[in-house]
Amino acid sequence: MKKLCMLAILATLGFTQQIKAQDITFGAKAGLNSANFTGGDADRNRLLGFHVGVISEIPLSETFSLQPELLYSTQGSEVQDVVKIKVDYLAIPVMAKYYLIEGLSIEVGPQFSFLVNDKGEYINSDLPDEDTNAANIDIGANAGIGYNLGTNLFVQARYNFGISTVAENPDIKNSVFQVALGYKF
């Protein structure tokens, strides 16, 4: 048992040294969100929003890397042309990136989001905005592609589908398509 523990520790140290030896990059990105809710019977329309934040890419091999991000993301939906439900999150996606060819990657990973702001805005009405009672934590999964344009610029397209519910009864989940432009320092 001691030998197994020692082997695990040595493997972890070797892995850590390999990561430190690699060229970790940092950057920033911003982009457009096309968001909606799924679930329930209501007639909904997509809302346009944005996301902005910072990224880090940690190469683990020539073709595989991890990309943790910290984003501010505006999402929501318009329900039956009556109310716009807006939910803003501090999102933390952790993307596993596999490079198919130089510059072109496929990306998958979980996303953990923390509610910053939520409100319902009534359309064509004098009714005041109100809180939506959205869940404070949203868990989702991401899948997408990325392409390094050259020196330091990159583009990404990603779909985030909610795993946890934003609201109960009916079970409403986030659905967000994102396109982004970024710069690595």
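Accessible areas here come from the Shrake-Rupley method with a 1.4 Å probe, and for residues only the protein chains shown count as cover. On that basis the protein exposes about 10500 Å², of which carbon and sulfur atoms supply 64%. The structure is a predicted model, in which local features need pLDDT of at least 70 and side-chain atom pairs count only at pLDDT 80 or more, whereas totals for chains, interfaces and linings use all residues. Residues are numbered from 1 along each chain as its sequence is written, and side-chain values use heavy atoms, with hydrogens and water left out.

The protein contains one helix and nine strands, where helices (H or I, at least four residues) and strands (E, at least two) are DSSP runs numbered from the N terminus. Read from the N terminus on, the order of elements is α-β-β-β-β-β-β-β-β-β. With contact meaning heavy atoms within 4.5 Å, residues 24 or more positions apart account for 57% of the contacts with a separation of 6 or more.

Strand pairing, which requires that DSSP finds at least two bridges between two strands, can be followed from β5 onwards. Strand β5 (residues 83-101) runs antiparallel to strand β6 (residues 104-122), and 16 bridges join them; within this pairing, Val 87 has Asp 118 of β6 as its bridge partner. The two strands form a hairpin with two residues between them, and Gly 103 in the turn has a positive phi of about 95°. On to the next strand, β6 pairs with β7 (residues 137-148) in the antiparallel sense over eleven bridges, with Val 108 standing opposite Ala 143 in β7.

The loop between β6 and β7 holds Asn 124 and also Asn 133. Most residues other than glycine have a negative phi. Asn 124, however, has a positive phi near 50°, and Asn 133 has a positive phi of about 60°. On the scale of relative accessible area (buried under 20%, exposed over 50%, partly exposed in between; 1.4 Å probe, protein chains only), Asn 124 counts as exposed at 80%, and Asn 133 counts as exposed at 68%.

Buried residues make up 39% of the 185 residues in the protein. A nonpolar core is a set of buried Ala, Val, Leu, Ile, Met, Phe, Trp, Tyr and Cys residues joined through side-chain atoms within 4.5 Å, and the largest one here has seven residues: Phe 37, Val 87, Tyr 89, Leu 115, Ala 134, Val 166 and Ile 172. Leaving aside residues up to four places away in sequence, Val 166 touches residues including Phe 37, Tyr 89, Ala 134 and Ile 172, and also Asn 133.

Aromatic rings of Phe, Tyr and Trp (its six-membered ring) pair if their centres lie within 6.5 Å, with planes under 30 degrees apart counted as stacked, over 60 as edge-to-face and the rest as tilted. A search of the whole structure finds three such pairs. The ring centres of Phe 50 and Tyr 72 are 6.2 Å apart and their planes lie at 35°, so this pair is tilted. Because Phe 50 lies in strand β3 (residues 47-59) and Tyr 72 in strand β4 (residues 64-79), the pair ties together parts that are 22 residues apart in sequence. Phe 50 is partly exposed at 40% relative accessibility, and Tyr 72 is partly exposed at 29%. The rings of Tyr 183 and Phe 185, with centres 5.9 Å apart and planes at 65°, form an edge-to-face pair.
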